[in-house]
Amino acid sequence: MDPSPLDAPRLVPWPVGFLIFTLIALAFATSATAMYAIKGDPVPFYQVLYWTTCEWWLWAALAPVIFRLDRRYPLSRERWRRSLPVHLIAYVVVMLVHEVLYVLLERASGWTLQPMPPLGRQILIFVSKRAAFDLLVYSALVGLSCMANIYRRYQERELRASQLEGQLTRAQLEVLRSQLQPHFLFNTLNTISSLIHSDAVQAERVVSRLGDLLRLSLAHDGLHELRLREELEFLGHYVDIQRSRFRERLAVEVDVPPAVLEAAVPTFVLQPLVENAIRHGIEPREGPGRVRVRAERKGDRLVLEVADNGPGLPGHAGPGSNGNGRGIGLTNTRARLAQLYGAAQSITLANGADGGVVVRLEMPWRELPPHE
């Protein structure tokens with residue numbers, strides 16, 4: 001059951017609703033007391049206040065019934081033909097109940113301005129005198145209920161839209177993440193294929209590392225963010241696989257202070273960036289190459305960088321200039337960052353000051369709670 005007059009439309013808590021009816025009664029009592037005084041027939045304020053509070057507290061008690069009826073028979077554009085007769089009948093019943101109870105309360109007080117007529121006659125007098133005003137009150141309560149129902153439906157639509165947007169975002173992230181796994185597996189299987197005849201021991205080592213990677217991937221299945229510490233663990237297994245292929249030609253440096261290891265990062269965000277650095281910065285070189293992974297906190301931002309000492313970007317893209325990242329790795333990373341952080345993220349691709357390419361990611365700083 002609705003515990004208060006205004007609970008059904010859910011606009012205000014019931015104490016506030018009761019206070020509103022009380023304030024209306026107080027306003028009517030003040031106005032009526034002044035009117036009697038001006039007419040030269042003063043009436044004590046407490047008597048007038050008794051009459052008005054009886055009237056409006058009765059409306060407060062009847063309001064939940066009206067609200068419930070309006071929710072079942074709304075005067076909407078599609079249903080008003082069916083609902084209007086119901087409300088007309090309800091108005092008559094509510095008016096009669098209100099006036100009968102009011103007359104009984106007035107008679108119980110003994111405060112009357114004129115000789116008290118018989119009960120039935122007094123009820124008829126009040127019904128005929130107050131029918132129009134009671135219709136206005138009933139209509140106002142129905143209108144309040146209609147506005148509350150419209151507001152509630154608006155909130156429900158907003159909630160559904162928010163839920164659908166969240167589901168769409170999660171679905172898009174799953175698609176983006178699923179694109180990485182076949183791409184990574186294809187490249188790793190190529191590495192195993194190239195080693196299996198020339199170096200069976202190394203091929204076996206790569207298969208073992210691949211198994212470790214897949215176990216980590218399954219352990220974080222469905223998560224779109226994880227700790228940087230866990231991301232670096234995944235990256236370490238990937239680098240071991242690549243070292244089996246490039247041997248002494250590949251050096252990977254990780255410069256990550258302990259203070260940022262618990263920072264939240266997109267799941268498997270570093271692996272495609274390091275893979276691009278190896279493919280475009282290390283593979284074309286005849287001699288040894290280096291990939292450096294760096295992370296730092298700058299205020300409320302987390303900065304990740306993956307840099308190589310390869311040939312750099314084509315053209316004249318100097319240090320600090322933006323480049324257009326191509327390929328599934330960078331394209332996917334851009335899309336995932338945009339889905340997770342919106343405009344609060346950025347990714348830039350530029351030539352480094354000492355050659356090579358620097359990929360710089362910025363995102364909001366956040367630490368995952370212990371249970372995630």
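Which residues form one aromatic cluster with Trp56? In this predicted model, where local features require pLDDT of at least 70, side-chain atom pairs count only at pLDDT 80 or more, and totals for chains, interfaces and linings use all residues, the cluster consists of Phe28, Trp56 and Phe133. Residues are numbered from 1 along each chain as its sequence is written, and side-chain values rest on heavy atoms, with hydrogens and water left out.

The structure holds 7 aromatic pairs (rings of Phe, Tyr and Trp, the last by its six-membered ring, with centres within 6.5 Å; planes under 30 degrees apart are stacked, over 60 edge-to-face, the rest tilted). Phe28 is partly exposed at 38% relative accessibility, as is Phe133 at 30% (buried means under 20%, exposed over 50%, partly exposed in between, with a 1.4 Å probe and protein chains only).

Tyr91 and Tyr138 form a further edge-to-face pair, with 6.1 Å between centres and 65 degrees between planes. Because Tyr91 lies in helix H3 (residues 80-109) and Tyr138 in helix H4, the pair ties together parts that are 47 residues apart in sequence. Tyr91 is buried, with a relative accessible area of 13%, and Tyr138 is likewise buried at 4%.

Key. Helix = DSSP H or I, 4+ residues; strand = E, 2+ residues; numbered from the N terminus.
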